[in-house]
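Here is a friendly note to read with the model open beside you. Take the points one at a time, and find each residue on screen before moving on.

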Amino acid sequence: MMKKYKGIIFDLDGTLLNTVYDLADSVNEVLEQFGFPGHSEEEYKMKIGHGFRNLIEVSLPKEHRDNETIEKGLASFVEIYDQKYKDRTVPYDGIPELMEELSNRGISFAVNSNKRTDYTNALVDKFFSHLPFIAVFGEREGVPKKPDPASALEITEMMKLRPEEVLYIGDSKTDMLTGKNAGMDTIGVTWGFRDKQELQSNGAVYIVDRPEEILDIL
């Protein structure tokens, strides 16, 4: 029997890596510089996923979300995050083992993130440099961000597969919609930044609680 799925596209933050601590620390330092109150790590889980500029915007007090403040905050954030982004970020339990097994099985895999490309590549290189990713895409100039399917479909072409042969895996509404928009079946993971209800209500085809459960779907 032929296997239905031959490729996987992963989200990064909240799916492969727990990045919330370094992001929270960095944004809170920006807010402290401005004299604004910070937020908890749990609160940041609901803010992450739409790029750095959006993260700064939604973290600022509503009455201070003007373009000038956002741009100043973003510039400060990048300086701070550049020093912190590897401090407390780690793969989720079971992810290194999952990636090794996918490689052993000859499954094609890639990363599609809304995180800035340089950080996306640096983090994948830190934790998974020995693995044969087909592509590692972050936010790219001239390419629309998720949930637009442009990057996911580009990766699929690089894999030489059809969308129906590729699984799209992530932890959020954005990821479920990206996969759906690309014509791919989706797996929502519950160990990330959003809850099971968000995944279900946005059309997750499968939902898993542990990385090894992904192998059962292949």
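1. **A word on the model.** Please keep in mind that this is a predicted model.

2. **Helices H1 and H4.** Start with helix H1, residues 20–34, and helix H4, residues 67–84. Their axes are 9 Å apart, and the two helices pack at an angle of about 135°. Angles over 145 degrees would count as roughly antiparallel, but H1 and H4 are oblique to each other. Their crossing is right-handed.

3. **Who meets whom between H1 and H4.** On the H1 side, the residues in this contact include Leu 23, Val 27, Val 30 and Phe 34. On the H4 side, Phe 77, Ile 80 and Tyr 81 are among them. Charged residues take part too, including Asp 22, Asp 25 and Glu 29 from H1 and Lys 72 and Lys 84 from H4. By class, the contact of H1 with H4 has seven nonpolar, five polar and five charged residues.

4. **Helices H1 and H3.** H1 also packs with H3: the axes come within 11 Å and cross at roughly 55°. H1 and H3 are therefore oblique to each other, and H1 passes H3 in a right-handed crossing. Here Leu 23, Val 27 and Leu 31 of H1 meet Phe 52, Leu 55, Ile 56 and Ser 59 of H3.

5. **An edge-to-face pair.** Now look at the rings. The whole structure has 12 aromatic pairs. One of them joins Phe 52 and Phe 77, whose ring centres are 4.9 Å apart with 70° between the planes. Planes over 60 degrees apart count as edge-to-face, so this pair is edge-to-face. Phe 52 belongs to helix H3 (residues 52–59) and Phe 77 to helix H4, so the pair ties together parts that are 25 residues apart in sequence. Both Phe 52 and Phe 77 are buried.

6. Why might two residues on one helix be placed to face each other? An α-helix has 3.6 residues a turn, so residues three or four places apart point the same way. Phe 77 and Tyr 81 are four residues apart in H4, about one turn of the helix. Both Phe 77 and Tyr 81 are buried. Ring pairs link Phe 52, Phe 77, Tyr 81, Tyr 85 and Tyr 119 into a cluster.

7. **Backbone details.** Is the peptide bond from Lys 146 to Pro 147 cis or trans? The bond is cis, with omega near 15°, and Pro 147 is in the loop between strand S5 (136–139) and helix H7 (150–159). Further along, Lys 160 has a positive phi of about 60° although it is not a glycine. Lys 160 lies in the loop between H7 and strand S6 (166–170). With a relative accessible area of 74%, Lys 160 is exposed.

8. **Helix H8.** In H8, residues 173–181, Thr 174, Asp 175, Met 176, Thr 178 and Gly 179 are buried. These buried residues pack against strand S4 (108–116), H7, S6, strand S7 (185–189) and helix H9 (196–201). Just after H8, Gly 183 takes a positive phi of about 80°.

9. **Ile 169 in strand S6.** Ile 169 is found in strand S6, and it counts as buried at 0% relative accessibility. Leaving aside neighbours within four places in sequence, its contacts include Ile 8, Ile 9, Phe 10, Ile 187, Val 189 and Ile 214.

10. **Asp 185 in strand S7.** Asp 185 lies in strand S7. Not counting residues up to four places away in sequence, Asp 185 touches Lys 4, Tyr 5, Val 166, Leu 167, Tyr 168, Val 205 and Tyr 206.

How values were computed
Residues are numbered from 1 along each chain as its sequence is written. This is a predicted model: local features need pLDDT of at least 70, side-chain atom pairs count only at pLDDT 80 or more; totals for chains, interfaces and linings use all residues. Side-chain values use heavy atoms; hydrogens and water are left out. Axes are lines fitted to C-alpha atoms, for helices over the stretch in contact, and angles run from 0 to 180 degrees between N-to-C directions. Angles under 35 degrees count as roughly parallel, over 145 as roughly antiparallel, 65 to 115 as roughly perpendicular and the rest as oblique. A crossing is left-handed if the near helix is turned anticlockwise from the far one by less than a right angle, and right-handed if clockwise. Contact means heavy atoms within 4.5 Å. Rings of Phe, Tyr and Trp (its six-membered ring) pair if their centres lie within 6.5 Å; planes under 30 degrees apart count as stacked, over 60 as edge-to-face and the rest as tilted. Buried means under 20% relative accessible area, exposed over 50%, partly exposed in between (1.4 Å probe, protein chains only).
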